[in-house]
Amino acid sequence: MSTQVGFPELVGAATGIGSLPGTDAREAARTAVGALEFLPQLPELPARGPGADMIGRGAGLLVELFAQTEPSGWRFADRPGRDTKRAHSWLGEDLDALEEFTQGYRGALKVQAVGPWTLAASIELRNGEKALRDRGACLGIAGSLTEGLRRHLEDVRRRIPGAQVVLQLDEPSLPAVLAGDVKTASGFQRLRSVDRQVAEEVLRSVVSGLDAPVVVHSCAPGVPIPLLRRAGVAGISLDFGLLTERDDDDLGEAVEAGTVILAGVVPSTDQGMSDPAGSVQGVRTLWRRLGLSPELLGRRVLVTPTCGLAGASPAYARTALSLSARAAQSLVDNPE
C-alpha cells in the first residue's frame, strides 16, 4: 500500500463537492469561503462553458496531453488549442478569486480535479473511441494527470501559503468502469470492465505521487470502498442516500482504519430544508448500527451536499453549504 498523507485534524467540518451555479468567480469564492469555515473549497463554475466543466478542467491539467471539444464531446488532439487555453484561463480566474478571499487564511483547503478513470471514460482518442478502451492510454492519462496535479497543488500553496491543501479526485464513472457499464463512443455497446486490481494500481500511482491527502468522490451507487482504501486515499466522499446495509462492514472498517467519510446528505438541487440536525440523522443511525464511538463522529465524518451544486439556484447553493456546516456542528454537539 502507498504511503498515505493524513487528512487534516478537523472537528465538525463541512465542505462542498466542487461546482457552484453561475459564472462569477469572485461571488463563488466569497460563498465558499464564507460558508465553509473549516474546509473551504476552490469552486468550479461549469455554466461558463467548455473548459470550466469537470472534464474540460481535468483535460486542462494534463501535461503534454491536449484535448478539444468535438460534437461528440472531448477528444484528444495533437496540440493545445482554444479549449485548452480557455480551461487554463478559467482555472486561473478561479484561483485569483480564491486567493483574494483567503488572505491570511491558515487551515485546511480543498481543491477538486477529475480522477484518471473518469477522464479515460469521458475523453475520446483521435480515432473516436473512448480512451478507456486502451490500457496504454489509461496509464498515460494517469501519469500526465499526476504531474499536472503536482503543479496545480504547488500553485495553490504558493498563492495561499497558510493552506493545508486536500485534493479531491472526482470519480463518478469509477463504479461503471469496474462494472463494464461505460458505453462505447457509438453508444450501442459497452466497454469491457477494467480489472479491479488494475483500477486500484492506477489510482494508487496517482495518490502516492502527490504530497497531499487525497479524497475520492463519487456520487454514483456502488462506490468501491475497500479498493479506494487499498489505493491509499485519506477520505471517501459519497452520496449517503445511495448506501445500503451491504456497505456497513466496508464503511465500519474504513472508519476504524482512520479513513475520513465525507457524507453527502444535503440535497444538491433546490429543496425546502431547515433542519440541519435532521439531515444527518441517518449518519447517527449508521454510527450506532456499526457500534462506533460517538466521540469519533464529528472527527471522522464531514458533511457535504450529495453532489455538486451547479444545478441549484445561487440562493439555494448558499443555503446548502450553510446547512452542511450547521449539520456538521450538530454531529459534534449531539453525536447520539
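The model is predicted, so to speak of its basis: local features need pLDDT of at least 70, side-chain atom pairs count only at pLDDT 80 or more, and totals for chains, interfaces and linings use all residues. Residues are numbered from 1 along each chain as its sequence is written, and side-chain values use heavy atoms, with hydrogens and water left out.

Strand β4 covers residues 163-170, where strands are DSSP runs (E, at least two residues) and helices likewise (H or I, at least four), numbered from the N terminus. Two strands pair if DSSP finds at least two bridges between them. Strand β4 pairs in parallel with β3, residues 107-114, over eight bridges, and Lys110 faces Val166 there. With β5, residues 214-218, strand β4 runs parallel over four bridges.

How enclosed is β4 by the rest of the structure? Largely, because seven of its eight residues are buried, meaning under 20% relative accessible area, with exposed over 50% and partly exposed in between (1.4 Å probe, protein chains only).

I turn now to the cysteines. A disulfide is a pair of cysteine sulfur atoms within 2.5 Å, and the count by this rule is one. Cys219 is joined to Cys307, S to S 2.5 Å. Cys219 lies in the loop between β5 and α8, and Cys307 in the loop between β8 and α13, so the pair ties together parts that are 88 residues apart in sequence. Cys219 is partly exposed at 25%, as is Cys307 at 22%. Cys138, at 5% relative accessibility, is buried.
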